[in-house]
Amino acid sequence: MAAFRQQFVTKCHRDSLNIGSFFPQRMVLEKAKIDLHVHPFLDRYSITDVVGAMEETGTDVVALEALDASLHPRVVYEVLKAYPDSLQDRAGIRLPNGRYIFNGREYNTREKLHLLTVGYSVDKADRDTPIIDVIDDAIEHGALVIIDHPFVDNVHTRTAGHISAELEGIIEGVSKTYSGKVALEWNGYCIPWIRAVLRGILTLGFYGVDYHDVNLKVEQFSGSMLESGYNVPVLADTDLHARSRSDLYVMGTAHFTTKLEGDSPKEVLESMKSSIFRRQYENVKEYVGAWHLLGAFCLPVLFPGLFKKPRA
Ligand SMILES: [Zn+2]
């Protein structure tokens, strides 16, 4: 059986495996397309639209997040209703088409840094929970932890400015403490030219901004950590705010690819984490269109009174 499995594993990839013919799952994805930061608005369309967008954009793995832990139970309920042959465990869901939806959550922590956990949602965390409490809980439950848009100011400038030296110190401390366990995000919504314009506007208002290309900053930071012996890889994702059904097709704009193995969401998550921290993956660093960004994020954040759920 072991020999057969090995033979099967080395043979299979998405194009050659006829899913559903004799194996209900695929065991290896040679080059899975993965977007771990997607905010669905499930009051406006159904989970089948999300799955349709995964197929249309060729996205093999997503993590769906909200700013609390309520989303994943709803996703599970709707997926099992629409696709009863799905396989579900704590890490997420394997769809009958062989794609995966991971259990995920985004957090605003006490330090005002944002976090993503993929493969587990910490239920009790809120805005007053220290970042290390969320990280410890998530890691203990097998999750991948990502500090998302780490150099974006979530406090004073509605994401337009730079972060304080104190926060930079906290990111460095977390990166050293959790080396090999925590990743950093390259964010597909942080379009440099738009942030450069915002920086100009803030500077006109006498609000100094030290840098605008926060993705460049995160890559420089990760590189300097590596030189000092700390492993905090950078993962590209979209941070898609899919406020409408058509927004879903922006999924996977920024993503990474890697080889995944496993028959269950838990196994695939383990395989993904292992590839990430061995740095055996490739980022695809693409930005969303400016019009999408304006409608999906900028206007809701600038005018939160006019938009339901401006952030997620
Ligand atoms: Zn987000």
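**The nonpolar core and the elements around it**

A: The largest nonpolar core has 74 residues, and those with the most contacts inside it are I101, I146 and L235. Such a core is a set of buried Ala, Val, Leu, Ile, Met, Phe, Trp, Tyr and Cys residues joined through C-beta atoms within 7 Å. A residue is called buried if 20 or more other C-beta atoms lie within 10 Å of its own, exposed if 12 or fewer do, and partly exposed in between, with the C-beta atoms placed from the backbone. The model is predicted, and local features need a pLDDT of at least 70, side-chain atom pairs count only at pLDDT 80 or more, and totals for chains, interfaces and linings use all residues. Residues are numbered from 1 along each chain as its sequence is written.

Of the 312 residues in the protein, 41% are buried. The protein has nine helices and 12 strands, taken as DSSP runs (H or I of at least four residues for helices, E of at least two for strands) and numbered from the N terminus.

Two strands pair if DSSP finds at least two bridges between them; β7 is joined to β6 (residues 114–118) by five bridges in an antiparallel arrangement, with V118 opposite L144. Three bridges join β7 to β8 (residues 182–187), and these two strands run parallel, with V145 opposite V182.

Helix α3 (residues 71–82) has 12 residues and reaches 16 Å from its first C-alpha to its last, close to the 16 Å expected, where the expected span is 1.5 Å times one less than the number of residues. L71, H72, V75 and V79 are buried in α3. Seen down the axis, they fall within an arc of 85°, so they line one face of the helix; the arc is that of the directions from the helix axis to the C-beta atoms. P73, Y77 and K81 are exposed on the other side. The cover over the buried residues of α3 includes α2 (47–57), β2 (61–64), β4 (92–94) and β5 (100–108).

Helix α8 (residues 265–277) can be read in a similar manner: its 13 residues should span 18 Å, and its end C-alpha atoms are 18 Å apart, which agrees. Its buried residues are P265, V268, L269, M272, S275 and I276. They cover an arc of only 130° around the axis, which puts them on the same side of α8.

D239 has a positive phi of about 60° although it is not a glycine, and it is found between β9 (234–237) and β10 (240–242). D239 counts as buried because it has 28 C-beta neighbours inside 10 Å. R279, in the loop between α8 and β12 (282–284), also has a positive phi, near 60°, but R279 is exposed, with 12 other C-beta atoms within 10 Å.

Methods:
Contact = placed C-beta atoms within 7 Å.
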